[in-house]
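Take a look at the picture, then read through the points below.

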Amino acid sequence: MIVLEAFNLKKKYAGEIEFAVNDFNANILKGEIVALLGESGCGKTTILRMIAGFEKPDDGFLKLKSQKIASKDFVTAPEKRGIGIVFQDYALFPHKTVNENILFGLFRLNKDEAQKRLIEMVALTGLKGLEKRYPHELSGGQQQRVALARALAPDPAILLLDEPFSNLDAMRKNELRFELRDIIRKAGTTAIFVTHDTRDVLAIADRVFVLKKGVTIQQGTPEEVYRKPADSYVASFFGKTNIIAVDSNSMFLEDCFDLTIQKTDHEKNLVSIRPRAFRIAEAHTEGAFEAKVLEQLYFGEFLELICETLKQPTKLVVHADPDFVVSSGKIWLCVQAEDVTLIKH
Amino acid sequence: MPVLVIFSGLWQDAGIFWMHIRTELVPEYIKNTLILAIGVSTISLIFGVNLAWFISNFDFPGRNFFSWALIMPIAIPAYISGFAWAGILDYTSPAYTFLRNTFGWNTGQFLFFDILSISGAIVIFSFALYPYIYLIAKAYFDRQSATMFEASASLGRSKIYTYFNLALPMARPAIAAGLSLVLMEILNDYGLVKYFGVDTFTTGIFSAWFAFGDKSAAMKLAVYLMVFVLFLLIFEKMQRRRMRYSGVSEGKLMSRIKVPGFGGWLISFFSAIPFLIGFAFPFLQLVYWSFDTWEQFLSQGFIRLFANSFLLAAISALIVMISSVLIIYTLRLYNSRRLKVVSVISTLGYALPGAVVALGLLVILTWTENFFIRQWGLKIVITGTWFGLIYAYLVRFMAVGYQSVESGSEKISKSIDQAALSLGAGKFRNLWFNSLPLLRASIVSGFLLVMIDVLKELPLTLLLRPFNFDTLAIRAFEYASDERVSEAAPAAVMIVLAGLVPVLIINRLIGRRKV
C-alpha cells in the first residue's frame with residue numbers, strides 16, 4: 001500500500017536561481033524505511049520539510065494515504081497532518097520530563113488510553129527508569145530515544161527523521177543505528193530519514209534516493225546503488241572506487257584487464273571498479289595483469305595499494321588484506337567482469 | 001560596605017521618631033510598595049512579554065519601527081514621565097485645551113482622571129519600565145529554537161497552545177529576570193513616588209533624614225528596603241541559573257510569520273500603546289514646554305549646570321571603566337578566586353537603591369572624617385564633595401561598566417593573550433596594544449551607559465551632593481516639585497536625549513537579524 005506519494009515536487013527559495021528540489025517523485029510503501037541521501041544543499045531536508053508541512057511546494061503535489069496534503073495552492077497545516085518528526089537537535093521540551101514530553105502529542109486520547117500508550121512507548125524505546133528525568137539529565141542516545149518515543153506516540157502515518165545520527169558519538173553510532181531500526185520495525189511505522197552518511201543508508205534503509213542539486217540521480221535498494229551506481233557521483237559517494245574511461249576505439253579494458261565489456265548504452269562511457277574487487281593473483285595467472293606498487297597505506301582493516309598498470313599506464317586503488325606483504329614492488333591482479341560497472345559520467 | 005553599615009542600623013538606639021514611623025508609616029510603606037509591585041508587574045508583563053513575542057515572530061505593519069521604538073521609554077526616567085503626564089492631564093494642558101475647545105469635552109479639573117495617585121504611579125512605572133522585560137524576553141525569543149515549535153505542530157498542537165505551554169514556560173526565567181529589574185527600579189525610585197504623593201521606603205528615608213533629622217530611623221527604613229532587594233536578588237539569580245536549560249539553539253531560528261490585514265493592524269495598535277504612553281506623549285509635552293522656557297533655561301547658569309552634570313558623569317564613568325578593565329584583565333591573566341569574589345561584590349551595588357547607597361556612604365564617610373580628626377587632628381572633608389559623590393556612583397554603577405567589558409572579554413579567546421605573552425609582550429604592552437583595542441566597542445558602550453545612568457540618577461545625588469550643587473536631574477526634579485514644570489522641561493529634554501544614546505546601543509547589540 002502506498003502511504004506517501006510525491007509527484008513532480010518542486011521548490012525554489014526566494015532569491016535563489018536554482019531549484020532546491022526539482023521534480024521529486026516517490027511512492028513510499030507501508031512499513032518501508034527510506035533514506036534520502038545527499039550532500040548538504042542537495043534538497044533532502046527541503047523534501048522532508050515539505051512532507052512535514054513546514055515548507056510549501058512550488059509545484060507538484062504530496063498525497064498522504066491518498067489524501068492530498070500539499071500542492072502549489074493547497075497546504076494542510078503541520079498540526080493537521082499526523083506526521084511524526086525526530087529533529088536533528090531532538091527539540092525535546094527542556095522544561096518537561098520524559099513522560100511529559102511523550103504525553104505532549106497524546107491529547108486526543110483519554111487519560112487511561114494516553115497512560116497506556118505512554119507505557120507502551122517507554123517500553124518500546126527502552127526508557128524505563130528514566131521517565132521522571134529532564135532532557136538535560138539524559139545522554140545523547142537517550143535523548144534521541146525520547147524524541148523517537150514522542151514522535152511515535154500519536155501513531156503517525158509516517159515518521160520523518162532529520163539526520164538522526166549526526167549528533168551521536170562515533171563509537172556508539174553502529175549500535176544506535178540498529179537500535180533505531182529495531183524500534184521503527186517494532187512500531188510498524190513507515191519512516192523516511194535524511195542523511196549524508198552512506199553507512200547509515202547501508203545499515204538501515206530498505207530503499208534509498210540519492211539526490212544531487214535537487215534532482216534524484218538514482219533510487220533503489222542500498223545494495224543496488226552500491227553495486228550498480230548510476231554515475232560516477234553515486235559511485236564515489238559510496239566509498240573509494242576506480243573510475244576508468246572506456247574509449248570505444250581503444251581496447252583498453254581488454255588489453256589491460258583481459259575483459260570484454262558489453263557496451264549497450266552510449267551514454268555510459270566509464271567503468272567503476274571498487275578497490276576490494278581486485279584479487280591479488282599468482283604471477284602469470286590466466287586473466288591477471290601486472291601492476292607496479294607506488295605507495296602502501298595501512299588502514300588497519302585493509303592495506304591500500306596505489307598501483308599503476310604496466311600496459312597503458314593507469315593508476316588504480318586496490319585494497320588488499322592488511323597482512324599482505326608486497327615483496328618485489330610489483331603485483332599481479334585480476335578482476336571479475338561482474339565487478340566492473342558501466343556508469344555515466 | 002554600605003550594606004553592612006546599613007544593617008548595623010538595626011541595633012542602634014531608636015529615637016521617638018522611629019516609634020512614630022514604625023507604627024504609623026511602615027505599614028503604609030509596605031502596603032504601597034506591594035501595591036506598586038503587583039500593579040506594575042501585571043501591566044508591564046502583559047505589554048513586555050506579548051510585544052516581545054509579536055516583534056520576534058510576526059511581521060505586521062510598522063514592525064521594524066516598533067522593534068526599537070518600544071525600547072525608547074527606557075530613556076525617560078519615571079519621575080520625568082510622571083510630571084510630563086501630570087501636565088498633559090492638567091486643566092491647562094494643550095491636549096485638554098484642544099479637546100475642550102474643539103469637541104467640548106470637559107472632564108473636570110483633570111482630563112479623564114487625577115494621575116497624582118497610586119494608580120497613576122502604577123501606569124507611569126509600567127510604561128516606563130516594561131522595556132526591561134521586553135528586551136530580555138525579545139532577546140530570548142529571538143534565539144529560541146524553531147524546531148521546538150515545529151515539533152509541537154507535528155504533534156498536532158495549535159499555535160496558541162504552543163505559546164502558552166511551550167514558549168512562555170521556557171521563557172519564564174528570562175521574563176522573571178526582566179521583571180526583577182523592573183521591581184528593583186521601583187524600589188530605587190524616589191522622584192516619581194515623591195511627586196505623586198505615594199509614600200514608600202525611599203520617601204520615608206528622605207523624610208526621616210531631612211524632616212525628622214533622625215539618622216538611625218532612616219537607616220532602619222533602609223534595612224526594610226534591603227530586605228525587599230535581597231529577596232529580588234536571590235530570585236533573579238535563581239532564575240538566571242535555570243536559563244541554561246531553556247531551549248535556545250545555535251541552529252535554525254524561527255522565521256517570522258506575516259500577519260495580513262486586520263490582525264496585523266491590531267498588533268500595530270497594541271504596539272503603539274506603550275510607545276505613545278511611555279515615550280511619545282510625555283516627550284512631546286516636554287518639548288512643548290521647552291519652547292517657552294528654553295531661553296530662560298540657557299541664560300540661568302546653564303553652562304555650569306551642563307558642565308557639572310556631564311563632567312561628573314564623565315569622571316565617574318571613566319573611573320568605573322578603568323576599574324572594570326583592570327579587574328577583568330587581571331582575571332583573564334590569573335584565575336584568582338579572591339579577585340572573582342571582589343568583582344562579584346563590587347557589582348552588587350547596582351541592585352541597591354540609590355538612597356541606601358547614599359546613606360551607607362554618608363555614615364562611613366562621617367566615621368572616617370571623625371577618625372582623622374581624633375587621631376591626627378586632621379580635618380578632611382569628604383561628605384558633600386565631588387569625591388564622595390563619585391565614590392557613591394562607583395558603588396552604584398560599577399556593574400553597568402563591568403558587565404559591558406565582561407561580555408566583550410568573553411568573546412575574545414584567551415589564547416590571544418597567551419600568544420602575545422609568549423611573543424614576549426609584557427602584561428601592560430599586551431593590555432595596551434591588544435586587549436584595549438579589542439575591547440574598544442565594549443568599553444565605549446559601557447562608558448556611555450554609566451555616564452547616562454549618572455546623568456539620570458536622582459536620590460543618591462540629592463543626598464550626597466555638595467551644597468548648592470545642581471545637576472540636570474536635580475534641576476528637572478526640583479522645578480517640577482515646585483510646580484514650575486515648564487521650567488523643568490528643558491533639563492528633562494536633555495536627559496531624555498542623552499538617555500536615547502544607550503537605546504541605540506542596546507538596539508545594535510541585540511539587533512541580530514532574522515529573515
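Two strands count as paired if DSSP finds at least two bridges between them. Helices (H or I, at least four residues) and strands (E, at least two) are DSSP runs, numbered from the N terminus. The model is predicted, so local features need pLDDT of at least 70 and side-chain atom pairs count only at pLDDT 80 or more, while totals for chains, interfaces and linings use all residues. Residues are numbered from 1 along each chain as its sequence is written, and chains are lettered from A and ligands numbered from 1 in the order in which they are written.

**A three-stranded sheet in chain A**

- Strands β12, β13 and β19 of chain A form an open sheet in the order β12-β13-β19, with antiparallel pairing.
- Because β12 (242-245) and β19 (341-343) of chain A are at the edges with a single partner strand each, one side of each has no neighbour in the sheet.
- From one strand to the next, the twist averages 35° (axes are lines fitted to C-alpha atoms, for helices over the stretch in contact, and angles run from 0 to 180 degrees between N-to-C directions).
- β12(A) and β13 (residues 270-273) of chain A run antiparallel and are joined by four bridges.
- A:N242 has A:I273 in β13(A) as its bridge partner.

**A five-stranded sheet in chain A**

- Another open sheet has the order β14-β18-β15-β16-β17 (chain A), and its pairing is antiparallel.
- Its edges are β14 (279-281) and β17 (315-320) of chain A, each with a single partner strand, so one side of each is left without a neighbour in the sheet.
- On average, neighbouring strands here are turned by 50° against each other, direction ignored.
- Seven bridges link the antiparallel strands β15 (residues 289-298) and β16 (residues 303-309) of chain A.
- A:A291 has A:T309 in β16(A) as its bridge partner.

**Where chain A meets chain B**

- The contact involves 17 residues from chain A and 19 residues from chain B (two residues are in contact if their C-beta atoms, placed from the backbone, lie within 7 Å).
- Strand β7 (residues 83-86) of chain A gives the largest share of the chain A side, three residues.

**Two domains in chain B**

- The domain assignment, which is automatic or from a database, gives chain B domain 1 (1-292) and domain 2 (300-470).
- In chain B, 21 residues of domain 1 are in contact with 16 residues of domain 2.
- The largest share of the domain 1 side touching domain 2 of chain B, seven residues, comes from α11(B).
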